[in-house]
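Take a moment with the model before reading on. The text below walks through it chain by chain.

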Amino acid sequence: MNKLAIITGFLGAIKNRYIVYQGDRVLADKLALAAQVEGCDGVEVCYPADFQDPGELKRLLERHQLGVSAVNFRSRRTGKWWRGSFSSLDPVERREVTDDLKRAMDFAVELGCYRVTTCPLNEGTDSPFEADFRTLFDAAADSLYTACAHNPEVKVCLEYKKNDPRTRTLFGSAGETAAFCLMTGMDNLGATLDIGHAIQAEENPSQSAVLLQRAGRLFYVHLNDNDGRWDWDMIPGVYHLWEFIELFYTLRELDYDDDWYAFDVFPKEIDTLETFNAVMHMTRKLESITDRIGLEKMETLRQQRNPAKTVTYLYSLL
Amino acid sequence: MKRWKYCANAGFFGARRDRFNQYQPDRTLEEKIALVSQVEGITGIELKYPGDLDDSMMVKNLLDQYELQLSVVNVNTKAVTHFRYGTLTARSEKARRTAVQLLKEGMDIAAEMGVGLVTNCPLMDGYDYPFQVDYAQAWDDFIAGCREVTAHRPDVTLMLEFQPHDPNAKILLNNVGKVLYVCAEVGAQNIGANLDVGHSLAAREAPAESAALLFRNGLLKYVHSNDNTGDGGDWDMISGSVHYWHWVEFIYTLIREGYQGWIGADLAPRHFGPVAAYQTNIMMIDRMTNLVERVGIDQIQTLLGQDGNTPGIYEKLTANLA
């Protein structure tokens with residue numbers, strides 16, 4: 001069974017274009033809060049926002065008996081790297097982000113998770129004719145090759161997403177990400193499959209998981225839901241109930257079942273603790289529905305490919 | 001022939017924020033007004049209440065000094081935590097009363113400043129999850145709120161600005177149809193629409209059709225110009241930079257209907273600054289307007305009067321591209 005982690009960035013103040021929700025918290029308070037969430041096994045720790053000194057972080061993790069699923073490396077920062085970091089046209093900026101990513105990789109070793117995830121949201125364009133995409137891809141490949149070569153034991157995960165704050169990113173879908181990783185040629189460069197991002201990109205999450213696994217790039221999974229139009233970071237299953245059940249079923253088939261799920265869920269006007277209690281509960285509930293699916297029965301149904309039969313069977317499990 | 005006037009939204013001349021970053025330095029109101037006055041062709045400015053217009057005498061003096069007219073009072077009920085559960089549709093009566101009060105005060109300020117318009121974008125009135133809101137109750141409250149506000153004084157028009165989502169996944173007032181419905185049900189003479197072209201595109205509308213529907217009902221009172229990629233994001237890009245032909249069609253509609261109001265703009269110039277963004281936006285609208293005029297309103301109307309003549313229209317339009 002996968003363990004459940006909360007991304008520390010979602011445990012304090014969260015903001016959108018208009019409003020700041022929830023009070024901000026220091027790292028110690030965020031971890032104390034995570035420890036209160038029923039069924040939470042650990043955290044994904046945001047670097048550099050939530051820690052720059054792994055010593056203090058380790059003491060806090062120990063105190064609260066929390067594991068670490070991954071280091072979350074922020075590749076976009078206010079005031080710098082405006083036109084992308086990994087794909088910046090400025091070699092100084094590329095060097096700067098690559099060096100900092102290496103530092104995050106070292107922290108991942110020290111914390112024992114051996115995994116860094118980064119959401120390359122600022123790599124991309126807003127308007128037609130804004131950039132030469134050949135150059136952007138080359139620059140990104142160069143930066144990430146260099147970082148990955150720093151320590152092949154650490155998995156570097158690109159969390160693809162199609163937009164925001166760029167109107168279109170370089171890594172918008174499972175296919176684009178898998179292809180980029182393969183072309184870059186580093187075995188420790190792969191994908192974080194964020195289910196909300198996959199849904200927003202009009203993917204079926206199970207299909208994306210299988211594709212990434214085939215390419216050897218399914219490194220990590222983030223869970224959240226949305227309405228298919230935007231990355232609202234909602235409680236898993238609230239819009240895509242059966243897609244989540246199919247995903248959990250598929251991930252077991254892919255042997256992603258002794259790892260971590262990390263959550264990016266936005267506790268907007270609802271209390272943070274209450275939100276994540278619901279997140280953990282809903283996730284385990286969806287898994288328990290998944291448990292009811294008979295393996296042989298499902299194999300037969302998938303051979304038959306008769307949705308009338310399959311849907312009837314699935315609803316009989318509720 | 002008299003056409004529309006251009007104005008700017010002062011809010012976009014200071015710091016802007018999205019979920020991840022902050023862009024552009026923050027500026028004082030005077031600094032914003034001074035920057036707006038640098039944009040050639042702009043004669044008006046849209047200001048917020050509460051906020052910009054808290055001291056209206058001071059603002060009057062500043063606007064005189066920089067030779068700008070106030071175009072509208074934008075009653076801002078979206079970026080505040082106490083409205084996080086909604087404004088006119090909140091379950092808390094106190095929040096509903098506060099929202100009504102702010103809108104009425106906005107109307108009084110508009111009248112005092114000699115402007116007949118207030119605009120409100122009710123972004124907080126919406127929901128994320130199924131089973132979060134009692135829709136019938138919310139709509140009852142929204143209509144009742146609009147009725148009370150419009151009854152406050154007939155000399156100022158309340159304009160509603162729809163947007164499909166953000167920060168709520170679903171906003172009650174999420175398309176042009178809902179605006180038409182609200183205006184019809186409220187039934188006041190002083191209610192209308194502020195059509196934000198980017199919001200219309202984000203709602204997957206053709207802005208020209210939305211404008212035509214509003215004109216039919218005498219409800220198009222104000223325009224926010226901008227563009228986006230159509231992915232649902234309200235990117236506030238330069239008009240015509242993505243949806244070029246949609247924009248040309250929209251301008252054709254404004255000219256055909258004799259629109260003489262303001263064309264404002266919500267533009268988020270993340271990397272190149274507000275003056276350049278607004279200047280380019282006006283240039284784009286003017287050039288698209290020139291194209292429509294070269295082809296001619298009558299000619300377009302004649303071509304539109306024939307079934308199946310889409311190729312003929314594009315032949316004429318592209319032949320007239322400069």
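Predicted model: local features only at pLDDT ≥ 70, side-chain atom pairs only at ≥ 80, totals over all residues.

Begin with chain A. Here 8 strands close into a barrel, in the order 1-4-5-6-8-10-11-12, and the pairing is parallel. From one strand to the next, the twist averages 30°.

Look at one pair of strands in that chain. Strand 4 (residues 42-47) of chain A and strand 5 (residues 67-73) of chain A share 6 bridges and run in the parallel sense. A:E44 has A:A70, in strand 5 of chain A, as its bridge partner.

Now pick out A:V45, which sits in strand 4 of chain A. Is A:V45 buried or exposed? A residue is buried if 20 or more other C-beta atoms lie within 10 Å of its own. A:V45 has 30 C-beta neighbours inside 10 Å, so A:V45 counts as buried. Which residues does A:V45 contact, leaving aside its neighbours within four places in sequence? They are A:T8, A:D50, A:F51, A:L57, A:V68, A:V71 and A:N72. A:A108 lies 63 residues from A:V45 in sequence, while their C-alpha atoms are 9.7 Å apart in space.

Next come helices of chain A.

Two packed helices are described by the angle between their axes and the distance between the axes. For helix 10 (residues 295-304) of chain A and helix 11 (residues 307-316) of chain A, the axes come within 9 Å and cross at roughly 155°. These two helices of chain A are therefore roughly antiparallel to each other. The crossing of helix 10 of chain A past helix 11 of chain A is left-handed. From helix 10 of chain A come A:K297, A:L301 and A:Q304; they meet A:K309, A:T310 and A:Y313 in helix 11 of chain A. This contact of helix 10 with helix 11 of chain A has 2 nonpolar, 2 polar and 2 charged residues.

Turn to chain B. In chain B, 8 strands close into a barrel in the order 1-4-5-6-8-10-11-12, with parallel pairing. The twist averages 30° from one strand to the next. Strand 1 (residues 5-9) of chain B runs parallel to strand 4 (residues 42-49) of chain B, and 4 bridges join them. B:C7 is bridged to B:G44 in strand 4 of chain B. On the sheet, helix 5 of chain B packs so that it touches strand 8 and strand 10 of chain B. The direction of helix 5 of chain B makes about 170° with that of strand 10 of chain B.

Strand 8 (residues 157-160) of chain B is joined to strand 10 of chain B by 3 bridges, and the two run parallel. B:L160 stands opposite B:A193 in strand 10 of chain B. Strand 10 of chain B also pairs with strand 11 (residues 220-225) of chain B, in the parallel sense, over 4 bridges. There, B:N194 has B:Y222 as its bridge partner in strand 11 of chain B.

Return to helix 5 of chain B. The axes of helix 4 (residues 135-152) of chain B and helix 5 (residues 176-186) of chain B come within 10 Å and cross at roughly 60°. Helix 4 and helix 5 of chain B are therefore oblique to each other. Their crossing is right-handed. Helix 4 of chain B contributes B:I143, B:C146, B:R147 and B:T150 to the contact, and helix 5 of chain B contributes B:V182, B:E185 and B:V186. By class, that contact between helix 4 and helix 5 of chain B has 4 nonpolar, 1 polar and 2 charged residues.

Finally, bring the chains together. How many residues of chain A are in contact with chain B? There are 23, and they contact 26 residues of chain B. The side of chain A that touches chain B has 9 nonpolar, 5 polar and 9 charged residues.

Note on methods. Residues numbered from 1 in each chain as written. Chains lettered and ligands numbered in written order. Axes fitted to C-alpha atoms, helices over the stretch in contact; angles between N-to-C directions. Parallel < 35°, antiparallel > 145°, perpendicular 65-115°, else oblique. Left-handed = near helix turned anticlockwise from the far one by under 90°. Contact = placed C-beta atoms within 7 Å. Nonpolar A, V, L, I, M, F, W, Y, C, P; charged D, E, K, R; others polar. Pairing = 2+ DSSP bridges. Buried ≥ 20, exposed ≤ 12 C-beta atoms within 10 Å, placed from the backbone.
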